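Subject: Structure for you to look at

Hello,

Please find below the structure I said I would pass on. My notes come after it.

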Amino acid sequence: MQSKARYLAGKIIELLLTLLVVSWLVFAAFSIIPGDTARVMLGPNASEAQVELLREEMGLNRPLLSRYGSWLLGLITFNPGTSYAYNVGVGELMAQRLPVTIGMSVIAMIMVILVSYPLAIISARKPGKLGDQICSVIGHILFAIPPYVASLLLILLAGSVFSLATVGNYVKPSEDFFGYVGCLLLPSFAIALPKIAMSFKFLRSSIIEQRTSDYVRTSKSHGLSDMKILIRHVLPNSNVSSITIISIILSDILGGSLIVEQVFNLPGLGRLLLSAISRRDFPLLSGIVFYLAFITVLLYFISDIAASLADPRIRLK
């Protein structure tokens, strides 16, 4: 129990320190970018007096550390300022767009698990045989298709050729949940394709490695079938590597969804981020980047805790 508490406390401290460093890097990076936000907002015809007055109102003339402290406090209280371009709270804007990005990520992750696990099991049961070769070829093909290319192909096939779906027709979950899920299926599938291949490769290697262990030979000597050994022993012992790769894939999916949103014309964080970049909307831009980084760091934190529960030896290292 004490080792669990120490391990958890250490991981929480690491999480907080990492987020503090990330917050400073995000703030400093956007603070030193060339250009004047006040000038961009007022336009090229504004006088220097008008620009200076707006800079004073926005707090841009304050010292860097003072502005960072105020911004960090806003992050902690989930109120990282007001968008310059939309004149709306950053938290409110992100809350409106999060259902798209998070929904796509969750659906894509479910697709990855549902497809990669069976492929890995079929492939690892008899390495080098026909089933393994077919699964490996499928994995190579999927890995070679970037999400934006898959998006264009899916739009062409499902939207134009077969008329199976209306691309770009977003439905809010509060209006029609099944319609919401349906409009996210194609973009989620486009995101999931290369991640399926990645997950399949890692799981296959882990299962094959576990199948060569002594406990597998002992189980066989006790008369257990290959399938029972696989389900009862091999897959549970592959959990540590599975948890790690799933956390990596999920964070990668979250970032990849930003591009796919543009292709499918979905109102997610990706379009909001590009809008913030074009308008030099620092509160909105820094808020989106930090919270995406926060989700990524949190996923790795959760995976570390889950891996330590699956394999207590990790806490002793």
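Predicted model: local features only at pLDDT ≥ 70, side-chain atom pairs only at ≥ 80, totals over all residues.

Residues are numbered from 1 along each chain as its sequence is written, and side-chain values use heavy atoms, with hydrogens and water left out.

Salt bridges

Side chains of opposite charge can pair when their charged atoms come close. A salt bridge here is a side-chain nitrogen of Lys or Arg within 4 Å of a carboxyl oxygen of Asp or Glu. The structure has three of them.

One joins Lys11 and Glu14, with 3.6 Å between the closest N and O atoms. Both residues sit in helix H1 (residues 2-31), and because they are three residues apart, about one helical turn separates them. Helices are DSSP runs of H or I with at least four residues, numbered from the N terminus. Lys11 is buried at 16% relative accessible area, whereas Glu14 is partly exposed at 45%. (Buried means under 20% relative accessible area, exposed over 50%, and partly exposed in between, with a 1.4 Å probe and protein chains only.)

Another joins Asp132 and Arg204, whose closest N and O atoms are 2.9 Å apart. This pair links distant parts of the chain: Asp132 belongs to helix H6 (residues 130-143) and Arg204 to helix H8 (residues 177-211), 72 residues apart. Asp132 and Arg204 are both buried.

The remaining one is between Lys195 and Asp252, with the closest N and O atoms at 2.6 Å. Lys195 is in helix H8 and Asp252 in helix H11 (residues 239-264), so this bridge ties together parts that are 57 residues apart in sequence. Lys195 is buried, at 9% relative accessible area, and Asp252 is partly exposed, at 35%.

Aromatic rings

Rings of Phe, Tyr and Trp (its six-membered ring) pair if their centres lie within 6.5 Å; planes under 30 degrees apart count as stacked, over 60 as edge-to-face and the rest as tilted. Across the whole structure there are twelve aromatic pairs. One of them is Phe290 with Tyr291: the ring centres are 5.6 Å apart and the planes are at 70°, so the pair is edge-to-face. Phe290 is buried at 8% relative accessibility, and Tyr291 is buried at 13% relative accessible area.

Phe290 and Tyr291 also belong to a cluster linked by ring pairs, together with Trp24, Phe27, Tyr68, Trp71 and Phe282.

Regards

Conventions:
Helix = DSSP H or I, 4+ residues; strand = E, 2+ residues; numbered from the N terminus.
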